[in-house]
Amino acid sequence: MITPPKLQKGDTVAILATARKNIDDNLQPAIDLLKSWGLNVVIGNTIGLDNNQLAGTDAERAADFQQQMDDPNIKAIWCVKGGYGTVRIIDLLDFTKFKQQPKWLIGFSDVTALHNHLNTMGFKSIHGIMPVTVARATPAAIETLRTALFGGKLSYEVQPFAMNRLGKASGELVGGNLSILYSLFGSPSAIDCSDKILFIEDLDEYLYHIDRMMMNLKRNGCLESIKGIIVGSMTKMKDNDIPWGKNAIEIIDDVTKKYNIPVLYNFPAGHIQDNRALILGNKVSLDVNNKMSTVVFE
């Protein structure tokens with residue numbers, strides 16, 4: 001996997017929208033943060049565009065992303081928010097110059113579509129906080145993004161949890177938002193799960209949807225070929241009038257229990273304030289135990 005160059009003071013980061021519109025005056029915390037790190041900021045043309053739910057048309061969002069990808073002065077692209085719509089522009093993008101001069105892509109949630117697409121091309125990217133979440137992000141979440149961008153070493157300790165499946169594994173970290181992963185299977189942007197450590201998280205889904213998506217991962221052969229699973233936040237889950245009968249963690253446990261792999265729950269990443277940065281495509285060592293589980297980026 002190719003690692004984009006680490007950022008240095010004086011580098012420029014572009015903030016743009018790949019999905020849902022951002023028409024509010026809410027970017028100052030993110031701009032101030034980047035400037036405090038010694039970075040310059042460019043605001044993409046999609047910020048402020050209003051096309052129903054989306055930040056402009058597909059063509060406008062693709063053109064903005066293409067411009068920032070092709071500009072050699074832009075060293076990182078920070079997606080402003082998620083929602084839905086990133087997958088609509090992937091096939092409109094030309095990654096020729098990106099391959100020649102890779103740069104960091106940052107975001108989570110709907111940005112998982114781009115993370116997975118870049119992974120299939122052999123490039124690392126950063127699953128982490130986005131500009132609209134800076135104001136409510138924990139100091140730890142913010143610091144881990146800085147560490148990832150500037151070439152520091154990431155490592156995490158996670159408190160014991162009764163449903164964890166103990167064990168050790170190492171492999172390339174892949175994944176992101178479960179709903180997006182599910183939607184990409186069968187497409188050119190689908191990740192190869194073989195010998196990987198899979199990270200998943202989700203927001204605002206019905207519990208039976210979680211079961212459906214986990215069954216999809218199983219039937220696609222993903223769960224049989226991975227080395228371990230890291231489960232982030234499963235936030236604001238919903239149920240029907242007739243309950244499904246299991247919460248999100250119990251659903252994941254039920255589908256994965258037949259596999260002899262370590263599973264770590266309650267990892268601090270996803271749709272939460274303490275959304276720690278993960279370098280997707282990077283090799284990690286996972287140790288799930290009864291004392292203090294660890295995830296170490298190599």
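User: How much accessible surface does the chain have, and what percentage of it belongs to carbon and sulfur atoms?

Analyst: In this predicted model, the accessible surface of the chain comes to about 12700 Å², and carbon and sulfur atoms account for 47% of that area. Turning from the surface to the interior, buried residues make up 55% of the 298 residues.

User: What does the secondary structure of the chain come to, and how does its radius of gyration relate to the globule rule?

Analyst: The chain holds 9 helices and 13 strands. Its radius of gyration is 18 Å, close to the 19 Å that the globule rule gives for 298 residues, so the chain is as compact as a globular protein of that length. Of the contacts between residues at least 6 apart in sequence, 79% join residues at least 24 apart.

User: How is a pair of aromatic rings described, and how many aromatic pairs does the count come to here?

Analyst: A pair of aromatic rings is described by two values, the distance of the centres and the angle of the planes. Here the count comes to 7 aromatic pairs. For Tyr156 and Phe297, the ring centres lie 6.3 Å apart and the planes stand at 80°, so this pair is edge-to-face. Tyr156 belongs to strand 6 and Phe297 to strand 13, so the pair ties together parts that are 141 residues apart in sequence.

User: Are Tyr156 and Phe297 buried or exposed?

Analyst: Tyr156 counts as buried at 5% relative accessibility, and Phe297 is buried as well, with a relative accessible area of 3%. Another aromatic pair, Tyr206 with Tyr208, is tilted, at 6.1 Å centre to centre and 45° between the planes. Tyr206 counts as partly exposed at 29% relative accessibility.

Notes: Residues numbered from 1 in each chain as written. Predicted model: local features only at pLDDT ≥ 70, side-chain atom pairs only at ≥ 80, totals over all residues. Heavy atoms only, no water. Helix = DSSP H or I, 4+ residues; strand = E, 2+ residues; numbered from the N terminus. Rg over C-alpha atoms; globule rule 2.2 N^0.38 Å. Buried < 20%, exposed > 50% of the residue type's maximum accessible area, 1.4 Å probe, protein only. Contact = heavy atoms within 4.5 Å. Areas by Shrake-Rupley, 256 points an atom, 1.4 Å probe, with all protein chains shown as cover. Phe/Tyr/Trp six-rings, centres within 6.5 Å; stacked < 30°, edge-to-face > 60°.
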